[in-house]
Amino acid sequence: MTKKFSIFLTVLFCAFIGGVCVISLLLPDKDFSPLENRYLQKPPKLSLETLGSGKFMEDAEDYVSDHIAGRDFWVAAKAWSERLSGKKENNGVYFGAQDTLINRVDTPAWEDTPAQQGVPAKQGLSTRLGYLDTLVGNMSVPVYFGLIPSAAEIWRDRLPAGAPTADEKAIIDQLYFSTGASTIDLYGALAPHSGEDIYYRTDHHWTSLGAYYGANAIFEALGLEPLDLNSYQKTTVTDQFNGTLFSTSGVRWLPPDTIDAYVPNEGIKVTSWFKGSPEEGSLYVDSYLDVKDKYSYFLGGNQALCVIETERADAPKVLVVRDSYSDSLAPFLTERFSEIHLFDLRYNLSSIKGYVENNSIDLVIVLYSFANFTTDTNLFLLGR
């Protein structure tokens with residue numbers, strides 16, 4: 001390489017970096033990235049406190065990263081480079097077989113982990129289970145406990161060879177053996193259907209088909225008649241769903257998912273608490289099909305409380321302590337309950353015991369995905 005050519009490459013590289021910096025400064029800041037489905041870093045606040053703690057530089061780095069010109073292209077390029085280099089994972093997401101993205105699931109500790117060297121303390125499974133058993137002891141109605149295994153467990157055959165992930169079935173079995181709650185065998189309901197589209201390929205949730213199998217597992221545990229899928233007409237509401245794993249992985253080369261609905265919306269009254277006060281809701285919110293967060297088509301997304309009333313006056317009332325998996329499950333639950341009360345501990349600090357008594361609830365189901373149960377910091381509210 002000649003000296004002139006070396007100088008040319010150096011000048012070209014500096015011009016490129018300088019051009020990207022100038023364009024990034026001139027472009028208006030964005031608050032939200034639809035492609036990544038998250039809010040972007042705001043400009044860092046300069047003060048003696050933030051300078052001394054290092055937070056200013058940390059926020060400044062995140063701000064520059066979030067607002068660099070062509071960010072979506074660079075995110076996708078990084079994922080491509082990871083794949084071409086032979087790596088099978090990017091940002092905690094595995095590049096699975098059959099055009100599938102699968103979240104890595106770490107093995108949780110059974111006992112609490114104390115804080116050390118800037119790493120916060122973590123609750124172990126035994127503590128989390130203790131909160132559940134406190135709820136069981138407080139209730140005058142039956143309490144059922146269900147853990148939904150992730151795609152990493154049910155679709156193990158799609159994982160890259162040797163990819164580490166938690167043995168969810170063994171951990172779920174241990175939790176079920178140790179709790180005083182009645183349990184729901186969701187693994188047994190999903191595993192026989194692992195060859196079907198029971199999870200989205202670009203999202204961590206189960207599909208409506210997976211939720212159907214989950215609903216029947218609940219009905220079996222309660223001694224209720226199972227549903228027959230053949231009695232429903234499947235409606236594909238969109239074929240352009242790119243979910244959370246699409247957003248976090250940087251992968252942009254996979255075909256999008258479809259979202260299906262089975263249960264009609266007739267004869268259903270939905271009341272939602274999105275902002276602390278009741279408002280009319282719906283089993284399905286069509287406006288979300290036009291935005292990135294299409295999974296919120298079910299019930300309209302996260303909310304502190306959602307009450308679904310059906311025309312089945314003689315059926316029991318159920319309270320479900322839920323995460324987002326329950327949103328696509330709820331339509332199937334309307335087939336066997338007179339009322340479904342979806343209670344989210346992330347946004348609702350009310351006493352479950354008091355709520356059950358005040359609303360004449362017949363049974364409680366604590367229903368979580370495996371990953372959420374092992375990481376949620378709000379489970380202590382179960383015992384209030």
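**Entry 1: the β-α-β unit**

I looked up β13, helix α11 (residues 325-333) and β14, and they form a right-handed β-α-β unit. Right-handed here means that, with the strands pointing away from the viewer, the path from the first strand over the helix to the second runs clockwise. Helices (H or I, at least four residues) and strands (E, at least two) are DSSP runs, numbered from the N terminus. The model is predicted: local features need pLDDT of at least 70, side-chain atom pairs count only at pLDDT 80 or more, and totals for chains, interfaces and linings use all residues. Residues are numbered from 1 along each chain as its sequence is written, and side-chain values use heavy atoms, with hydrogens and water left out.

**Entry 2: partners of β14**

I checked pairing, which requires at least two DSSP bridges between two strands. Strand β13 (residues 317-321) runs parallel to β14 over 5 bridges, and K317 has E339 as its bridge partner in β14. β12 pairs with β14 in the antiparallel sense, also over 5 bridges. There, L342 of β14 stands opposite C306.

**Entry 3: burial of β14**

I asked how many residues of β14 (residues 339-343) are buried. The count is 5 of the 5, so the strand is largely enclosed by the rest of the structure. Buried means under 20% relative accessible area, exposed over 50%, and partly exposed in between (1.4 Å probe, protein chains only). In a regular strand, side chains alternate between the two faces of the sheet. In β14, E339, H341 and F343 lie on one side, I340 and L342 on the other, and all are buried.

**Entry 4: K292**

I found K292 in the loop between β11 (279-281) and β12 (305-309). K292 is buried, at a relative accessible area of 17%. N242 is 50 residues from K292 in sequence, and their C-alpha atoms are 7.2 Å apart.
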